[in-house]
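Me: Please take a close look at the charged side chains and how they pair. I would like the cut-offs spelled out as you go.

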Amino acid sequence: MFTTLFIRELQGYLYGLRFQISFAILVPVFIFGTLSSVFSLHETRESYAKLSQEDATTLSNRAGNITSVAVSTSHYLLPPKDYFVADDCKEGMLPNKLTYTAYQVTGFEVQQGGNNPFLKRAQGLNWSFILYMLLSFMTLLLAYDSVSGEKEDRTLSLVFSNRVSRGSYLFAKFLGIVTALFCVTLVGVVCSILVAVLSKEVQVNGAFLTVVGGFLGTGLLFISLMAVIGLLASTLSKQSNISLLICLTVWVFLAVVWPNSSLFLANKLFPIPDHLYVEAEIRRELEDINRNAPDGSWSSNHGNPFYSRHELRANNQTNLMNARKRRMDAWYGQMFRQFENTRLLGIFSPMAQFEQLNEGMFGGGYLRFKKNWNDLHVFQESFLQWFKDLDAKDEKSPHWYNPYENLSTSRQPVAVDQIPVYTEKPAGFAERLAYMRNSLIAMIALFGILLALCFVRFLRYDVR
Amino acid sequence: MIGLIARKDFLLNLTSARFVIGLAVCLLVIPFTLVTSVDRYKQQINVYKTASEKVETEYKAAKVYSNVRPSVIHRPEALAVFSEGVSRNMGNTVQLQYGEYPLLLSGVAGFSNPLLNAFFSLDFATVIAIVLSLFALVFSYDAFTRERENNTLKMILVNRINRSAFFIGKFLGILLTLVPMLLFCFVTGILFLLLSPDIALDGAMWTNVLLLFLSAVLYVVVFVLFGLFVSAMSKRSSTSIAVCLLCWIWLLFLVPNIAVWSAKSFVKTEQYDNMQLALDDVEEPYWKEREEKSREILKMLDIDGLSHWNYNGGSDGYLEFSGGLRKALDYHLNFSTWEVPRLIDYADKKWAVQKEYLDGLVKQERFQQRLALLSPSEIFGQLASSLCYSDPGYYLVYMERVREYRQTFIDYVRERKLYESSTWGTRMDPENFVSDERYSEMIQDYETAFQQGPEAIRQFRASLPPGWNDGNYGPLDVVGFPVFDYKPHTRTDAYNFVLARFALLMGIALVLLMLTMLRFRNYQL
């Protein structure tokens, strides 16, 4: 009986106008979105290659003097990835440029790159956005009258006059909606992969297909959750237009209002000091250090590394660096906490859960940024050690480590290929899983609760 | 008869669940959006005030002309509370430079945490665009189909009721239901503005609020007519609602994104970093010329190396020093006289590259803007951001004024040849600089004092000629230097822009009205 019901429901949905319009909208949007992502990826890669070349030239210029290598600011720009066609994980908006010297990791910023400040901020037209915004809406649109609509048409009482269990009926409805919409997603993704293959911009290999498989898995879970919300709304009312209003209100709240409230919530619930305050505090502390620095701490003689006052200068500069670093690291910590806590607030929204699951799946977004930030700190320590080891071998160096200036450490040249360069390591399986854990639990729990509610509600539903 | 139908529909709508839910959504979302927008504005104003104070203090503390370098801090526009436009993409600071034209606002205007860039925010105009258009469709999608399904349409039209009158009555009935919701939204918005002590609007701004309200009414009219049109095209309410809602999501959420990403994909612009590299290329000969000029002056003055007691300097003509060789002063006088006009010349050359980049951005933005006109919500959004001084046009004009101000400032400095005076880099009396021999002796004395300890150093410092120790002279008088002033509502282009969008919305409404009337005349009962 269940199979008959399921096939009947599925046919009903597939031949319905709503599904057909949804299909007609979604598949072209998938293709257009992928095309647009491929173009964007191509542009970003070209620019990235140009900048990398420029960085290599800069590094070879610095290689004439090892201290210059150590004290000059280098940067690591997060390279564009193939998975951007599926989900860019908002990496164009998150900080994507990390700066460091041998002495410290100095900070991070959002590289303007190809971003046009005169264009309104818009989420990338990638697969994730299509599922998040469009498919969620279409799922509700397909599900809202599953029960109340049948009641209005008086077909519900007819169905239950046969030997059909309510559970089977509800589950067939649910499975019908999910199957129909998952088919659209599958067609859209397959078309998109074809576009990606033809563009030659994306390497469609085993690894890529594996994460796409994972994405489809999270997508399926997301569609199921939205379908349950639609079914619940349908069981809450006897009239389909009321169910529709409930669905629309829930969607507006979940997809539009709640995600867009994060900025306000971050500011109100987890406030952090602004940059002007932090800068003023740092300036005060640095002025204090300079005021109390021993005489001679500012004297310098570029011609003579062993000029006795260089030691005082190096100590003072180190103190200045440490003070700034301490303040900045504390502030960065506050930024991370503010972001993470704000995200945690959104854990109850299926859209936020889906977003985080995808970040974990692709190893992108905040997970990628944070991993690079942590890894860069480890690299910086080894970079400093490398510099100190080379400096220790130079007899012409007084070994007074000055983090900002090329005054009192080795001025020997070094081969460019010997200079340590930071390389990114993708997040491992365990890291990704840990990142996804909360969202996954929340999504499954929410799905379970809503399904149970829907079931209980439907058991008591007056079908007459 | 029209009034009767409108009244009946209005009263029926008022008691419907749709109205209750619609009003509840407005009650919940509008105040919340306003609270967030006002809060954001307060944050921006605080940043603005702190930054302005800092800049003002630094400007007034300048002791030499090379450091008299005004920064322009952009004051956030209060009306952006209604529509934030592209304001979140913009910084708030411009530091005037001799060697470069200001291109865009830099710095941080609001939230300091760049990670929060990943979050989007809603503004009043967007909420109006989303919620009111949705409810306009929800109220109108079954205007004819429901009557047909309930068999009431036949009964009404068998009486002596003109179909056009019936249609107009329906339309007015729905509009009458939605206008109170819209009024509620605007009254709440205005109350928020009036109750916020940080926000003060002038007459022109209130006019813009009124225009925004009228635009919102027109926008709602467009969606009501669209819903009626779809209803007149359909025989069943379920068909009508499916078409309406799928069109709604297409117009509200897809067209804007497609417009942005089409512009990004098909209208190429130079990457910002590539533009910076191109600027470096333009600037490269300057650094060579600079080095040659420096060598030439050193040779002319017969100086082996420059020695100062206190020195602070950098690129773009920044220079402040006190104490040291007399020849060092002569060097700087000669060098600044050459350097500053050269920097200004190079700024003109660099501007060609910057302008090309800026034109690319504008071209891309215009493409996006035109493509987005396919969606009434985007037309309304463009209209709202223009009325609320947060559209790209506002920032383009603002930056043009800043560049004009830079020119005025440079003209002021050039006319007075400030960079040819010693005050460009020092306030010390030239007589108090010393000869090579005397300087060597002083350095020797300092070394001795250094060996003897802090007390000897203090005594040595006290014995230095007047002005050698940094801070022995007060700030310069900067009264008379040009000051930046900008009034947004002096823009005439904005009104043309608004008028064009208003006319477009009106045009869409008229076309929909005609089509729906035509369609409804032939509607099968």
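Reply: Charged side chains

B:Lys350 counts as buried because its relative accessibility is 2%; buried means under 20% relative accessible area, exposed means over 50%, and partly exposed is in between, with a 1.4 Å probe and protein chains only. The areas come from the Shrake-Rupley method. This is a predicted model, in which local features need pLDDT of at least 70 and side-chain atom pairs count only at pLDDT 80 or more, while totals for chains, interfaces and linings use all residues. Residues are numbered from 1 along each chain as its sequence is written, chains are lettered from A and ligands numbered from 1 in the order in which they are written, and side-chain values use heavy atoms, leaving out hydrogens and water.

The partner of B:Lys350 is B:Glu100, and the closest N and O atoms of this salt bridge are 3.1 Å apart. A salt bridge here is a side-chain nitrogen of Lys or Arg within 4 Å of a carboxyl oxygen of Asp or Glu. B:Glu100 sits in the loop between strand S2 (93-95) and helix H3 (124-140) of chain B, and B:Lys350 in helix H10 (residues 326-372) of chain B, so the pair ties together parts that are 250 residues apart in sequence. Helices (H or I, at least four residues) and strands (E, at least two) are DSSP runs, numbered from the N terminus. B:Glu100 is partly exposed, at 22% relative accessible area.

Helix H10 of chain B also holds B:Asp359 and B:Lys355, which are four residues apart and so separated by about one helical turn. Their side chains meet in a salt bridge at 3.0 Å, N to O. B:Asp359 is partly exposed at 37% relative accessibility, and B:Lys355 is partly exposed at 34%.

In chain A, salt bridges that share partners join A:Glu281, A:Arg284, A:Glu285, A:Arg326 and A:Arg327 into one network.

Another pair within one helix is B:Arg146 and B:Glu149, three residues apart in helix H4 (residues 145-149) of chain B and thus separated by about one helical turn. The closest N and O atoms of their salt bridge are 3.6 Å apart. B:Arg146 is partly exposed, with 26% relative accessibility, as is B:Glu149, with 35%.

Over all chains the count comes to 55 salt bridges. As background, side chains of opposite charge can pair when their charged atoms come close.
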